[in-house]
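Reader: I have a structure to study. Please take me through it step by step.

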Amino acid sequence: MSYLDIIEQHIAAFPEMPSLSQSLLGYLDDPDVDFIVIQDLVQYDPGLTANVLRLANSVYFGGAGTVGSLQQALVRLGTKRILELVLSLTVSPRLVPNLPGYGLQARELLRHSTWTGLAARELARLLSIPHEDTVFTVGLLHDLGVIVLDPFVQEARIDFNESFERGHGSFEAFEKEILGISHAEAGARILENWHLSPEIVAGARWHHEPDQATAFGEIINLVHLADMLSISQGVGTGIYGLAHEVFSESVRAVGLRKKHLEYTASKTLDRMRELDAIFS
Amino acid sequence: MSLVVVDIADMRISDNPGDTLVTYSLGSCLGVSIYDPVIRVGGMIHCMLPLSKVDKEKSRLRPYMFVDTGMQEMLGQLYEAGMRKARAVVNVAGGSQVLDSQGVFKIGERNFTVLRKILWKNGLLMNVQEVGGNKSRTISLDIATGRFSIKSGGKLVHYELP
C-alpha cells in the first residue's frame, strides 16, 4: 500500500465535524436567520455560552464587559459573527495536538490557524475586499490536513530531509512528491466530507497554489497571503521553517503593499493575545 | 537556573546569574541580545517590524514591537544598568524570509537594515550575526557566562564570549 492509499483511509476516517457546528453552519449562508434559532442551539451548552459571552465582552469585539446574556451578545455582534465564533470554539479543540512530523508543539497549529484567520480578516478590511467573515473561517480551517499527514511526514523524515538538502523547493511540493498529496488537498477533502461551502473548501485546497483555483480568487488570495504572513512571523513554522513560496500574482491581485503587511502584523498580535486567552 | 522567556514584541533585562533569557521561533523577526561581561548584565529583545511609523499608537503601547523604538529603549535601559558601550557584546539572529520574488514579504531584510543603522549610529559592532535564509530560530543568553546559543532545524550551536 502506498502512502497515498493509507492517507486516503485516514481522511475518510477523520472525525465528523462537531455536530453543533454542523447545525450552525447550515445557517451561515442564510442572511435572514432568526437569532432565536441560534440562541436555542447554543444555550444548552453552558461552556460554549460562557465563551461566547467572554468573546462578546472582549476588547477585540469592541466590548466593555457589559454583555450579560446570549441574546445581548447576538444583538451586539450579529448572528453571522456569533456563528463564526461558535464554529471557532467548537473546531479549536481539534487543532491542539502535538504534531512531531511537522515539528509543531501542542496548540501551535491552533495559534497558526487563528493568526491566519485574524490576519486575513484584517487584510480584507484594509484592502476593502469583501468576505471579511469568510476568510476568518477559512483561515481557521485551512491547515486541517496537517493533522492527517503528520504521522506520514514523521515516517518519511529521511526523504523530506533529503529533499530539503537537495535544494530549492517548497514544503508543499515535497509533500506531493513523497506522500502523493499535499496537506492543503488533504484538508480540503476533510472539509468536503464535512459538507462545508465551496468557498471554504477552495480556500483550504488552494491556499498554497492560488493560481490553480478557478473560483473564489479573492478569498484564496487573502488566505494565502495571511498564511504567508503568519509563517513569516514565525507563528507555526515548525521544523522546516519558512520554506514556503508567496505567489506574486496574489500580491498583485489584491494590491498588497509592505505597509499593509506590517500594519496587519501589528494589529494581529494584540487580537491574537486576546483570543489565545479565550481558546485556552 | 530559571528561564526568562522574551515574548514576541517584548524585551527583558537581567543581572541575575541564575537567569537564561530565551526567545522562541524567530522568523522574519529579529532577536538581539546585548551583554556586558564585566557587570554581567544582559538584555534580549524580540522585534517584529522595522519602523514604528507603521502604527504610531502601537509604538507607544509596545515599543519593543519595532526595531527603531525597541532598540533605543533597550540600549537606554542597559546603559542605565551600568553597561559600557566598549564592553557590549551584541548578538543578532532571525530576519528570515518566505520565498517571495516581489519583495513585499522581505520584512526580515528590512528589520536587519534598520538594526544595522541603529547599531552603526550607536557605535556598536555585531559579534554573532546569524541572519536571513528561511530558517526559524530560537536564541538564548546565559547571564552568568554570556554564552549565546542558537537552535535551528534541530541543531543547537553555542557561542562563547569573544
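Reader: At roughly what angle do the axes of helix α1 (residues 3-12) of chain A and helix α9 (residues 144-155) of chain A cross?

Author: This is a predicted model: local features need pLDDT of at least 70, side-chain atom pairs count only at pLDDT 80 or more, and totals for chains, interfaces and linings use all residues. Residues are numbered from 1 along each chain as its sequence is written, and chains are lettered from A and ligands numbered from 1 in the order in which they are written. Helices (H or I, at least four residues) and strands (E, at least two) are DSSP runs, numbered from the N terminus. Axes are lines fitted to C-alpha atoms, for helices over the stretch in contact, with angles from 0 to 180 degrees between N-to-C directions; those of α1(A) and α9(A) come within 10 Å and cross at roughly 150°.

Reader: Which residues of α9(A) meet α1(A)?

Author: Contact means that two C-beta atoms, placed from the backbone, lie within 7 Å. From α1(A) come Tyr3(A), Ile7(A), His10(A) and Ile11(A). Their partners in α9(A) are Val148(A), Leu149(A) and Phe152(A).

Reader: How many residues of the contact of α1(A) with α9(A) are nonpolar?

Author: Ala, Val, Leu, Ile, Met, Phe, Trp, Tyr, Cys and Pro count as nonpolar, Asp, Glu, Lys and Arg as charged, and the others, Gly among them, as polar. This contact has no charged residues and 1 polar. The nonpolar ones number 6.

Reader: Are α7(A) and α14(A) parallel or oblique?

Author: Helix α7 (residues 108-126) of chain A and helix α14 (residues 217-232) of chain A have axes that come within 8 Å and cross at roughly 125°. Angles under 35 degrees count as roughly parallel, over 145 as roughly antiparallel, 65 to 115 as roughly perpendicular and the rest as oblique. So α7(A) and α14(A) are oblique.

Reader: How many nonpolar residues has the contact of α7(A) with α14(A)?

Author: Trp115(A) is one of the residues on the α7(A) side, and Leu222(A) is one of those on the α14(A) side. By class, there are 3 polar and 1 charged. The nonpolar count is 10.

Reader: Now chain B. How many strands does chain B have?

Author: Its elements run β-β-β-β-β-α-α-β-α-β-β-β-β from the N terminus on. Chain B has 3 helices, and its strands number 10.

Reader: How many residues does chain B give to the contact with chain A?

Author: Chain A gives 26 residues, and chain B gives 28. On the chain B side, 13 are nonpolar, 11 polar and 4 charged. The number asked for is 28.
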